Amino acid sequence: MTAATTFYWLMRAREADVILHAMTERRRKRILRQHVQTDRLLGVDAVPLGEPVAPVPTAAGSASRSSTVASAVRSNAAPLLATVAEPLPRLDREGKLRVLEAMRLEEVQNCRKCELCRGRLNTVFGEGDVDASILFIGEGPGQNEDEQGRPFVGRAGELLDKMIAAMGLKREQVYIANIVKCRPPNNRAPTPIEVETCWPYLYRQIATIRPKVIVTLGGPAAKAVVGTSEGITRLRGTWHSYVLGPGEEPIPVMPTFHPAYVLRNYTPEVRGKVWSDLQQVMKLVGL
């Protein structure tokens, strides 16, 4: 079994663990049936899950990639953190591409796990450099994204492109994804159950890419990744962290305003706050 294949099934096991611990008994049975059906289609008759371990504690006080960040980081217990014992393999570029493409085509593209699938034109998996140092995470696709099947391609996407360019990077040098992969009706924020159901896909994207830093765009994305009920105004500009699993180094997380919010509040003050947030990210990754 190749490292990419091993990683794929560890992520499937981790996804199953998240779902089993977070959902009601009825929903657990339904999701398990979906997993069995998917595995049969793929010709898989057994998947080793490993033994569960205790939930991962918060990472306060853990060393991070930067002493400056370590002194300022705020860690929260991510509510959808998986708890399997196996260490997560680190893949090379080709392995990452295989894992992400398999997930996109075999799972996300055909996903029917929540009601959002009923109104979509396309799923929006995510795109960018699988070896990116920076992972941008939004809340969900809008109309333009739903039509094109790509993240951040509308007016907010144009502004995000400018933000990335201001950092000295191109869109192709970062990775961009969303909390949910289907468009919520009328561009509303995804519900907690929609976030919970779709979370394992994003988790596996993070675990595959292993960015040096995560930038969350807007309140819903920040709350889901950081694991808090605080609003974006209080969260932004302050380092937080996300832990993939036992023994894993915390990934620094910088929440900032969503580009759509910036467009609605296009003032020097709001733009200055976003630029300040991005400057902290640039300093961390050495830009």
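Predicted model: local features only at pLDDT ≥ 70, side-chain atom pairs only at ≥ 80, totals over all residues.

Entry 1: On the α4 side I found K96, V99, L100 and M103, and they meet Y201, R204, Q205, T208 and I209 of α7. I sorted this contact of α4 with α7 by class and got five nonpolar, two polar and two charged residues.

Next I checked how the two helices are set against each other. α4 covers residues 93–106 and α7 covers residues 192–209. Their axes lie 10 Å apart, and the packing angle is about 170°. Angles over 145 degrees count as roughly antiparallel, so α4 is roughly antiparallel to α7.

**Entry 2: the whole chain.** I then stepped back for the overall picture. I noted 11 helices and seven strands in the protein. The protein has 287 residues, and 52% of them count as buried. I also looked at contacts with a separation of 6 or more: residues 24 or more positions apart account for 78% of these.

**Entry 3: the largest pocket.** How much space lies in the largest pocket? I read off about 560 Å³. Its lining is made up of 25 residues, and those nearest the centre of the pocket are E139, A156, H258, A260 and R264.

I wanted to know which helices take part. At least two lining residues come from each of α5 (143–148), α6 (155–166), α8 (219–226) and α10 (259–264). Which helix gives the most to this lining? That is α10, with four residues. By class, I wrote down 10 nonpolar, 10 polar and five charged residues for the lining of the largest pocket.

**Entry 4: the cavities.** I counted four cavities of 30 Å³ or more. The largest cavity holds about 110 Å³ of space. It is lined by 14 residues, and C111, C114, C182, C198 and Y201 are the closest to its centre.

I finished by sorting the lining of the largest cavity by class: nine nonpolar, one polar and four charged residues.

Methods. Residues numbered from 1 in each chain as written. Heavy atoms only, no water. 1 Å grid on protein atoms, 1.4 Å probe; cavity = no way out; pocket = protein on both sides within 12 Å on 5 of 7 lines; lining within 4 Å. Points joined across faces, edges and corners; volume = space filled by probe spheres on them. Nonpolar A, V, L, I, M, F, W, Y, C, P; charged D, E, K, R; others polar. Axes fitted to C-alpha atoms, helices over the stretch in contact; angles between N-to-C directions. Parallel < 35°, antiparallel > 145°, perpendicular 65-115°, else oblique. Contact = heavy atoms within 4.5 Å. Buried < 20%, exposed > 50% of the residue type's maximum accessible area, 1.4 Å probe, protein only.
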